[in-house]
Amino acid sequence: MAFLAVPQPFDFELTTERFRVFGPDLANLWHEGGLHRVVGGREVRIGAAAGGVDVEPLDEETTPVVLDLVGARFDLESFVSGDPIVAEHVARLRGLRPPLSPDPFEMLVGAITAQQISLKAAFAVRNRFVERYGVRAGHAYAFPTTERVAQATREELRDLGFSLRKGDYVLAVARSELDFSALADLSDEEVKATLVQLPGIGEWTADWFLARHLGRPHAWPAGDLGLRYAVSAFYGDGRVLSIDETRELGARFHPFENLSAHYLLAAHRNPA
């Protein structure tokens, strides 16, 4: 194991909670106290360490992936919310660093899978997809490549639990000529305008791509039902807020909309 420093504050258990709470994720697998992910054909294990994480193997290829998975890009030192509710949960959940999805194709497939079903159900479908088209390296599987998925059929995806429509969306993304890695060079508005041209990719999915893959500070996925429930629990006076109401509330968290969303979701999952 080699040590990798993570910007402080950092709480390993809080940061990795999302890899446990919805059930196993074969591409980001929690196993015996550590997080396992395949990078370049090698399985990487990430474990807790004072001031950072222990990683095996750690090198130029695995380091950026690990840093994404532990949310190292977020500036928690500057995260001071003027909203008293968010401020309370920032203090209670100190050190939570929202993990980022290192792979853009993986992020989009995950978002499509989660459309209109529970996250636990989505993870079950996603795991069957990963087993079918991914490559196992040890405990974890490498997430399927666009090239491999592009050769699949809608009937194969249906047999894994995708609706025919969602299967078509996944195939359209896999077969797209869009350079997903180049999206990192675009503004938030340009990223969204580009993604929503793909079948099945709406504003909600584009917002989560900004939030959970690119780590953009102002991303606020107002259309996400989980976020709406979380925001409603703290600000809704006993009712579920509409998408428009949730979108309007995002302004009160500026300039930390993305971090606020993740802290509200975590606080809703983990009441004091």
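Which residues does L195 touch, not counting residues up to four places away in sequence? L195 touches L108, L178, L183, I201, A206 and F209, where contact means heavy atoms within 4.5 Å. This is a predicted model, in which local features need pLDDT of at least 70 and side-chain atom pairs count only at pLDDT 80 or more, while totals for chains, interfaces and linings use all residues. Residues are numbered from 1 along each chain as its sequence is written, and side-chain values use heavy atoms, with hydrogens and water left out.

L195 and F129 have the most contacts inside the largest nonpolar core, a set of 69 residues. A nonpolar core is made of buried Ala, Val, Leu, Ile, Met, Phe, Trp, Tyr and Cys residues joined through side-chain atoms within 4.5 Å. Buried means under 20% relative accessible area, exposed over 50%, and partly exposed in between, with a 1.4 Å probe and protein chains only. Helix α14 (residues 257-269) gives the most to this core, with 7 residues; helices (H or I, at least four residues) and strands (E, at least two) are DSSP runs numbered from the N terminus. Another core lies apart from the largest one and has 16 residues, including L4, V6, F12 and A72.

Helix α14 also meets helix α12 (residues 225-235), and their axes come within 9 Å and cross at roughly 75°. α12 is therefore roughly perpendicular to α14, a term for angles of 65 to 115 degrees. The axes are lines fitted to C-alpha atoms over the stretch in contact, and angles run from 0 to 180 degrees between N-to-C directions. From α12, G226, L227, Y229, A230, V231, A233, F234 and Y235 meet A261, L264, L265, A267 and H268 in α14. The residues of this contact divide into 11 nonpolar, 2 polar and no charged; Ala, Val, Leu, Ile, Met, Phe, Trp, Tyr, Cys and Pro count as nonpolar, Asp, Glu, Lys and Arg as charged, and the others, Gly among them, as polar.

Now to the strands. In strand β3 (residues 34-39), 6 of 6 residues are buried. G34, H36 and V38 point one way from β3, and L35, R37 and V39 the other way. β3 runs antiparallel to strand β2 (residues 29-31), joined by 3 bridges; pairing requires at least two bridges found by DSSP. W30 stands opposite L35. In the turn of the β2-β3 hairpin, E32 has a positive phi of about 50°. β3 also pairs with strand β4 (residues 42-49) in the antiparallel sense, over 5 bridges, with R42 as the bridge partner of V39. These two strands form a hairpin with 2 residues between them, and G40 in the turn has a positive phi of about 60°.

Conventions: Angles under 35 degrees count as roughly parallel, over 145 as roughly antiparallel, 65 to 115 as roughly perpendicular and the rest as oblique.
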